[in-house]
Amino acid sequence: MLSFFRSYFPYQYISLLAILLLIRLPLLLHPMPLLIPELNWLLVGEQMGQGNLLYRDIWDSVSPLSGLVYWGLNTLFGRSLMALHGAATLVSVFQIVYFNYLTNNRDVYSDRTFWPGLIYALFLHLSFDCLTLSPVLMSTSFLLLAFGTLAKQMERRGATDEVFEVGFYIGVAALFYLPSALFIIWAALSLLLYTGATFRQHSLSLFGFLFPIAVTVLFYYLNDGLDDFNRNLLSSVFRVRQYSLSDFQSLLAALFIPLGLGVLGFLSLFNSTSRYVNFQQRIQQIMMLWFGTAVLTIILMPFLAPMVFLSFVPPMAYFAVYYFENVRKAWLAEAGFSIAFGLMLLLFYQGALGLIPGAELGRLGSLQVKKAALPTDIKNRHILIIGEDISAYYQNYPATPYLNWDLAKYDLKNLDNYEAVINVFDHFRQDPPDYIIDYENVVEKLFQRAPALAARYEKTGASGVYKRK
């Protein structure tokens, strides 16, 4: 496969896209497990489509531009998992084509080939959860655009006012996935160390970063949602941790080959007989800075799963190309890539389709939506789930703003505070749930603090389930 993609002809883009579609085609023909984050994003889009404002009327920590995309998809396709996967494929196509075009157009490597696009396409399939339209996937597209502008600056003797674009792209990336805001450090260091950027140009880059964020803050200020924006998004990134994932084996298995090839590629630079021009050396260094910044985002991740490591794909793919370039015997490079290709796809399909009976590796069982043990009549109803497991929303609709349990704790776990009780009562009055599913045993205390609510609900035969009279 490497020998086929070594030639540099425009028609090879078609071959790249064909490989992408062939990898994903079996999953389009077979139903995939619905993941809790996907259900959460679908619910956010659905709620926004009903006129609710994210953070003020929907307590969730998804970043604003991601919420806007989910709202748009819901408007067009409803609560559709296929829409998430289809849109994710389009974003993936853009990233693969752009990464391959950029590395060749800027002569990032010694030779022009389609290897960068091929390896990038493979690394996008860390796990089956990477097929969905995650905030990280959308954010990475704008980080790649920022990298493209940085590469353009590296080719020149001095930086230009285009550095504004670098900051702007990173600002937009942060509005898709808030931890991506750390990449402004990557951009600042790259401009400082490898270009002749002046203080004015550094200021332009920072202004570009702050501009889209300031516009978003202004929007929420004008819509009386600034405090909610601060609590549910800005502050939550340091505290909110959703969907506890204990399947670290699947995560490590998904990252093992891409990370291993990336490290081997980086180490091969020290033993390579090839000589790299100053521009190529600078690109190598800013890609190392990218990887280091991506590592910093781990502490801000809302949960741990392969999909939130997609921002690692560009530097891993970049250095992996060097590994295959520096293997002296072509057949060894071909064999090594074939083995990596086969093992990654085996884990990918094992996770999605369960090829090996009884094996849980790659299945991400703790992130899958499971059938809720509820009475059969709780379908297509407006409900409130108090707890992390939102699976019951799959056949129902959320009521009240308390979508994210970690954020709902501000009120529902603080019922000794009079203001919190008033907030809960107001939310119940404005959007009363037909059923309350209480996994955290807070309803009894709530009813004690707000007898008017207790008068409206009665306990059912199911444990922790309350029905509106």
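Colleague: Rings of Phe, Tyr and Trp (its six-membered ring) pair if their centres lie within 6.5 Å; planes under 30 degrees apart are stacked, over 60 edge-to-face, the rest tilted. Which residues form one aromatic cluster here?

Modeller: Tyr109, Phe266, Phe270, Tyr276, Tyr318, Phe319 and Tyr322. The model is predicted: local features need pLDDT of at least 70, side-chain atom pairs count only at pLDDT 80 or more, and totals for chains, interfaces and linings use all residues. Residues are numbered from 1 along each chain as its sequence is written, and side-chain values use heavy atoms, without hydrogens and water.

Colleague: How many aromatic pairs does the structure hold?

Modeller: 37. In one of them, Trp41 and Tyr70 are stacked, 5.6 Å centre to centre with 5° between the planes. Trp41 belongs to helix α3 (residues 36-49) and Tyr70 to helix α4 (residues 64-77), 29 residues apart. Helices are DSSP runs (H or I, at least four residues), numbered from the N terminus.

Colleague: Is Trp41 buried or exposed?

Modeller: Buried (under 20% relative accessible area, 1.4 Å probe, protein chains only), at 6%. Tyr70 is buried too, at 3%.

Colleague: And why is the pair of Tyr55 and Tyr220 tilted?

Modeller: Because the planes stand at 50°, with the ring centres 5.3 Å apart. Tyr55 is in the loop between α3 and α4 and Tyr220 in helix α10 (residues 199-222), so the pair ties together parts 165 residues apart in sequence. Both Tyr55 and Tyr220 are buried.

Colleague: New topic. Why is helix α16 largely enclosed?

Modeller: Because six of the eight residues of α16 (residues 405-412) are buried. They are Trp405, Asp406, Leu407, Ala408, Asp411 and Leu412.

Colleague: What do those buried residues pack against?

Modeller: α11 (226-234), β1 (382-386) and α17 (418-430).

Technical notes: Buried means under 20% relative accessible area, exposed over 50%, partly exposed in between (1.4 Å probe, protein chains only). Helices (H or I, at least four residues) and strands (E, at least two) are DSSP runs, numbered from the N terminus. Contact means heavy atoms within 4.5 Å.
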